[in-house]
Amino acid sequence: MVKVIRACENGARYLGIAATVAIMAIIACDVVLRYAFNAPLAWAYEFIGLYVMAALFFLPLAYVQRCHGNIAVDLFVKLLPPPVRSAFTRLGNVLAASVFAIACGAFAMKALDAFRSGDEIIGPYIWVTWPIYTIVAVGLGLFVLRLLLQVFQSETTLQRDAAEGDHGI
């Protein structure tokens, strides 16, 4: 099960990277078309804002958590003995998983409702909304799984995963 979660996290991470590349490519094309041919991509900013930014932010969350890359305010926590620090971290993960599981469920329900009803954002272009909610739900779902997995992992495994996030720095 752990290998499946890791594979999903890695896949979501690479989709987040692809989203970053897509943003750069779309904006570069838009700039060239706008200034060289006076023909901008009218859909670019809405597409990026609605779909690609959601993928960029939410999909890599679980990978970032696995590598301990999320922002942590641990000024006083580092003064605690390691067993107490570990207990607080695990308790925090349980509480965070509870909150994000509720958010994940809400987005999943919203995605299903939007899909069934054909919910759209009307403007110069028509954008369906269910992919947005689905991307957020998938990202949050993987994040919740990672938080819960970290509650039960050994300190050695947690430290190994944190070292993976160093990327040679």
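This is a predicted model: local features need pLDDT of at least 70, side-chain atom pairs count only at pLDDT 80 or more; totals for chains, interfaces and linings use all residues.
1. Helix α4 takes in residues 82-117, 36 residues in total. After α4 comes Gly 118, which has a positive phi, near 70°.

2. Part of α4 is covered. Its buried residues are Ser 86, Arg 90, Asn 93, Ala 97, Cys 104, Ala 111 and Ala 114. Among the elements that cover them are α3 (61-66), α5 (130-152) and α6 (155-164).

3. Seven salt bridges turn up in a search of the whole structure. One of them joins Arg 6 to Asp 161, with the closest N and O atoms 3.0 Å apart. Arg 6 belongs to helix α1 (residues 2-37) and Asp 161 to helix α6, so this pair ties together parts that are 155 residues apart in sequence.

4. Asp 161, at 0%, counts as buried.

5. Glu 9 forms a salt bridge with Arg 66, and here the closest N and O atoms are 2.8 Å apart. Glu 9 is in helix α1 and Arg 66 in helix α3, 57 residues apart, and the pair links distant parts of the chain. Both Glu 9 and Arg 66 are buried.

6. Asp 161 also meets the side chain of Arg 160 in a salt bridge, at 3.5 Å from N to O. A network of salt bridges links Arg 6, Glu 9, Arg 66, Arg 146, Arg 160 and Asp 161.

Terms used:
Residues are numbered from 1 along each chain as its sequence is written. Side-chain values use heavy atoms; hydrogens and water are left out. Helices (H or I, at least four residues) and strands (E, at least two) are DSSP runs, numbered from the N terminus. The expected span of a helix is 1.5 Å times one less than its number of residues. Buried means under 20% relative accessible area, exposed over 50%, partly exposed in between (1.4 Å probe, protein chains only). Contact means heavy atoms within 4.5 Å. A salt bridge is a side-chain nitrogen of Lys or Arg within 4 Å of a carboxyl oxygen of Asp or Glu.
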